[in-house]
Amino acid sequence: MNRLHIDWTACDGRGLCTELLPELLVEDDWGYPAARTGGDLTVPVALAGEAREAVSRCPALALRLVRAEG
Amino acid sequence: MTTSSVVASESRLSSGSGHGPLPALTGAEIIAMARDAGITGRGGAGFPVWRKLAAVAAAGRPAVVIANAAEGEPASGKDKALLTAAPDLIVDGLELVARAVGARTTYLYAPAGAHSSLRSLPVELRTAPDAFVSGEESAAVAAVTGRDAVPADKRIRITESGAGGAPTLVQNVETLAHLALIARYGPGWFRAAGTADEPGTFLATISGAVRRPGAVVEAGYGVRLGDLIAAAGGPTGRLRAVLVGGYHGGWVPADPDLPVSRAAMARYGASPGAGVVVALPAGSCGLVESARIASYLAGAVAGQCGPCVNGLPRMAQTLSDLALRRVRPGLPAEVDRLARLVTGRGACRHPDGTARLVLSAMRAFDTDVAAHLSGHCLAEEGR
Ligand code: SF4
Ligand code: SF4
């Protein structure tokens, strides 16, 4: 399973990713992506395609898919 | 650790020179020695030293080692004391870890104020800015390579790719000094102090309502909280609570019998961390003091990560409202929500540590929270 990694030093919080991945992400008080469940950002297999699209379309290149540990 | 400011319950690091030459150990022997001693990093995170050494060594490329004496935490003075008291042990430890990980380049990363006394040491000095987050590992890496001392994203570990792309080990100077002694006296000697799970001694900086605030004391893990405070001259009066682990730590009861160890502090959401102990007098409001610390930490954000830059000031402000009795419905729940919202959402652990302190205050001072919500302050009313 993959996890969505956000480089917080790069993310500008315009929220494109939360539009592409509403099942996984919500905007926080300031527009930055947060896990909808409040937990981690493990990407369910069913959302793998949307997650890849979010990664490729993030204007700040702040998103990566990384192998979930453990 | 000048003799005037230190009462050493266990004086290992402060026992002066005369330890004799470093034994000729191989890299593998040094890693095994660190593992057998069970030594953990003394910079705060408490990670097993041998694992970090092994990870950097396993990269199989020429490594870089940074001895970290940045100590941005305002209530901590032990690394500065150690730089004065035992610079030779730090240099020895640096040589050992460099050998263990195959490093040709080593740095001593220390505040500018400490440099004049360190110039004669056979090590390259780098300046640690006086900022809370400057001691964070990736900030140290950035600083020695000439960039701003701010934390970097953690997708790639510095043990794989740190300073100039080299596998990099950042190790606190106290840890290095312990290693220099373990190399001479052995893991068994190291384990004679502390507990079976948390072996060895640590340096504590004790401040707040004690007779000798700022005292640096060496003791074994598991030492009674009362004995640590006594080593700083004892309390100036009745205590309300004690902050353990520094500004990213947690509040524990002022119980003299409480052992200072990870195991005993865990139930309060605290840990010995880098050995910072702050005693809060009975006449002070724990919420006011925690709000002051949270505001300080909110002002120390490195200005990079949205949730931290926005969330920490908001969280500190909300706690301040509660502390100053600017009460509105749902205030404690809002503090709680913000603490959870910022946790895990930054390039470094600064938001996590700040949230930990705030949540710990809400638990430790729950009677004060209730009083403030009804417009009273127990501290003002003399409890
Ligand atoms: S799309 Fe990229 S920059 Fe925009 S909010 Fe998401 S992670 Fe941040
Ligand atoms: S989490 Fe906060 S303190 Fe850490 S790098 Fe990001 S902005 Fe700076």
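Which helices of chain B each supply at least two residues of the lining of the largest cavity? The points below answer this and then turn to other parts of the structure, which is a predicted model.

1. **The largest cavity.** The helices in question are α11 (306–323) and α13 (350–364) of chain B; each of them supplies at least two residues of the lining. The count of cavities of 30 Å³ or more comes to one, and the volume of the largest cavity is about 90 Å³. Its lining consists of 14 residues, and those nearest its centre are B:Ala302, B:Gln304, B:Cys305, B:Cys308 and B:Cys348. As background for the student, rolling a probe the size of a water molecule over the atoms shows where empty space is left.

2. **The second largest pocket.** This pocket holds about 180 Å³ of space. It is lined by 14 residues, of which B:Thr40, B:Gly46, B:Glu198, B:Tyr221 and B:Arg262 are the closest to its centre. The lining here is made up of three nonpolar, seven polar and four charged residues.

3. **Helix α5 of chain B.** Is this helix largely enclosed or largely open? Helix α5 (residues 137–144) has eight residues, and seven of them are buried, so the helix is largely enclosed by the rest of the structure. The buried residues are B:Ser138, B:Ala139, B:Ala140, B:Val141, B:Ala142, B:Ala143 and B:Val144. Their cover includes four strands of chain B, namely β1, β2 (103–111), β3 (124–128) and β4. After the helix comes B:Gly146, which has a positive phi near 85°.

4. **B:Thr168.** This residue belongs to strand β4 (residues 168–172) of chain B, and that strand is included in the cover of α5(B). With a relative accessibility of 0%, B:Thr168 counts as buried, because buried means under 20%. Which backbone atom of B:Ala163 does the side chain of B:Thr168 reach? It reaches the backbone nitrogen of B:Ala163, at 2.8 Å. The side chain of B:Thr168 also reaches the backbone oxygen of B:Ala166, at 2.8 Å.

5. **The surroundings of B:Thr168.** When neighbours within four places in sequence are left aside, B:Thr168 is in contact with B:Val56, B:Val64, B:Ile66, B:Val141, B:Ile158, B:Thr159, B:Gly162 and B:Ala163. One of these, B:Val141, is a buried residue of α5(B). B:Leu53 stands 115 residues away from B:Thr168 along the chain, and the C-alpha atoms of the two are separated by 9.6 Å.

6. **The open sheet of chain A.** Three strands form this sheet in the order β4-β1-β5, and their pairing is antiparallel. The edge strands are β4 (42–43) and β5, each of which pairs on one side only. Strand β1 (residues 2–6) is joined to β5(A) in the antiparallel sense over five bridges. Which residue of β5(A) is the bridge partner of A:Asn2? The partner is A:Arg67.

7. **Two residues with positive phi.** A:Leu61 has a phi near 50°, a positive value in a residue other than glycine. It is found in the loop between α2 (48–57) and β5 (63–67) of chain A. B:Glu71 likewise is a residue other than glycine with a positive phi, near 45°. B:Glu71 is found in the loop between β1 (63–68) and α3 (78–85) of chain B. Is A:Leu61 buried or exposed? A:Leu61 is exposed, since its relative accessible area of 60% is over 50%. B:Glu71, by contrast, is buried, because its relative accessible area of 11% is under 20%.

8. **B:Ala85.** This residue is located in helix α3 of chain B. With a relative accessibility of 29%, B:Ala85 counts as partly exposed. B:Leu181 lies 96 residues from B:Ala85 along the chain, and 14 Å separates the C-alpha atoms of the two residues.

Key: Residues numbered from 1 in each chain as written. Chains lettered and ligands numbered in written order. Predicted model: local features only at pLDDT ≥ 70, side-chain atom pairs only at ≥ 80, totals over all residues. Heavy atoms only, no water. Buried < 20%, exposed > 50% of the residue type's maximum accessible area, 1.4 Å probe, protein only. Polar contact = N/O pair within 3.5 Å; in protein donor to acceptor, adjacent residues only side chain to side chain. Contact = heavy atoms within 4.5 Å. 1 Å grid on protein atoms, 1.4 Å probe; cavity = no way out; pocket = protein on both sides within 12 Å on 5 of 7 lines; lining within 4 Å. Points joined across faces, edges and corners; volume = space filled by probe spheres on them. Pairing = 2+ DSSP bridges. Nonpolar A, V, L, I, M, F, W, Y, C, P; charged D, E, K, R; others polar.
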